[in-house]
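Please look over the sequence and the structure below before reading on. The briefing that follows begins with a question and then takes up a few topics in turn.

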Amino acid sequence: MRRWHVWAGVAIAVLVVLATGWLLFVPGWAVGAVKDRVATELGRSFEVDGGAHLEFSPELAVRLDGVRLSNPADPDTAFITARALRIPMSAMQLLSRQIDVSEITLESPVVAFIVNDRGEASWDFPSPKQPAPLEMDIVKGSVRYFDARNGQSFAFGDANL
């Protein structure tokens, strides 16, 4: 009977450790942090449809699935849509819930360079007060360009940049 109590105690301890670990490591906070950063620095809305997930290989990272960066010149289209946005981070950044977006990977993005009838470009961002360095990798990306003023367009896809 005593052995049964020990096993029950061990099982409860494991459940407490798992619940605590889940609360510490669940990456949902990263969605809000990235949305706030994009709104502050780019003046655009950023949507995440698929939630946030932790990746442990090849390095610790937060992956945001189904991301979309708005295009203020044309609300019906997005400037960038991607299957996933991957942001590497250290264990300390994860524990302190700080995210560094100076290095990102976009998986299967579609980048839409669009000029509308009024000449407003989808890539026209406000100039940052202090430009931050950004290293961006694009995996299997597509790029579209369309100028509504004269009908010029081109596209390419399946590019790694």
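Is Asp 158 buried or exposed? Asp 158 is exposed, since its relative accessible area is 60%, where exposed means over 50%, buried means under 20% and partly exposed means in between, computed with a 1.4 Å probe and protein chains only. The model is a predicted one, in which local features need pLDDT of at least 70 and side-chain atom pairs count only at pLDDT 80 or more, while totals for chains, interfaces and linings use all residues. Residues are numbered from 1 along each chain as its sequence is written, and side-chain values use heavy atoms, with hydrogens and water left out.

**Overall fold and shape**

- The chain contains three helices and nine strands, where helices (H or I, at least four residues) and strands (E, at least two) are DSSP runs numbered from the N terminus.
- In sequence order, these elements follow the pattern α-α-β-β-β-β-α-β-β-β-β-β.
- The chain is more spread out than a compact globule, because its radius of gyration is 21 Å, well over the 15 Å that the globule rule gives for 161 residues; the radius is taken over C-alpha atoms, and the rule is 2.2 Å times the number of residues to the power 0.38.
- Taken along the principal axes, the box filled by the C-alpha atoms of the chain is roughly 85 × 35 × 25 Å.

**Surface, contacts and charge**

- Of the 161 residues in the chain, 33% are buried.
- The accessible surface of the chain is about 10,400 Å², and 60% of this surface belongs to carbon and sulfur atoms; such areas come from the Shrake-Rupley method with a 1.4 Å probe, and for residues only the protein chains shown count as cover.
- Among contacts between residues at least 6 apart in sequence, 53% join residues at least 24 apart, a contact being heavy atoms within 4.5 Å.
- There are 15 positive and 19 negative side chains, and the centres of the two sets lie 9 Å apart; Lys and Arg count as positive and Asp and Glu as negative, while His and the chain ends are not counted, and each charge is placed at NZ of Lys, CZ of Arg, CG of Asp or CD of Glu.

**Two buried polar residues**

- Asn 116 lies in the loop between strand S6 (110–115) and strand S7 (135–139), and this residue is buried, with a relative accessible area of 10%.
- The side chain of Asn 116 makes a polar contact with the side chain of Glu 120 at 2.8 Å; a polar contact is a pair of N or O atoms within 3.5 Å, where within protein one must be able to donate a hydrogen and the other to accept it, and residues adjacent in sequence count only if both atoms are side-chain atoms.
- Leaving aside residues up to four places away in sequence, Asn 116 touches Ala 73, Ala 148 and Arg 149.
- Asp 147 belongs to strand S8 (residues 141–147) and is buried, with a relative accessible area of 3%.
- The side chain of Asp 147 makes a polar contact with that of Tyr 145 (3.5 Å), and, not counting residues up to four places away in sequence, Asp 147 touches Val 115 and Gln 152.

**Backbone details**

- The peptide bond from Ser 57 to Pro 58 is cis, with omega near 5°, and Pro 58 sits in the loop between strand S2 (52–55) and strand S3 (61–70).
- Ser 108, which is not a glycine, has a positive phi of about 50°; Ser 108 is found in the loop between strand S5 (103–107) and S6 and is partly exposed, with a relative accessible area of 30%.
- Asp 158, in strand S9 (residues 153–159), has a positive phi near 55° although it is a residue other than glycine.
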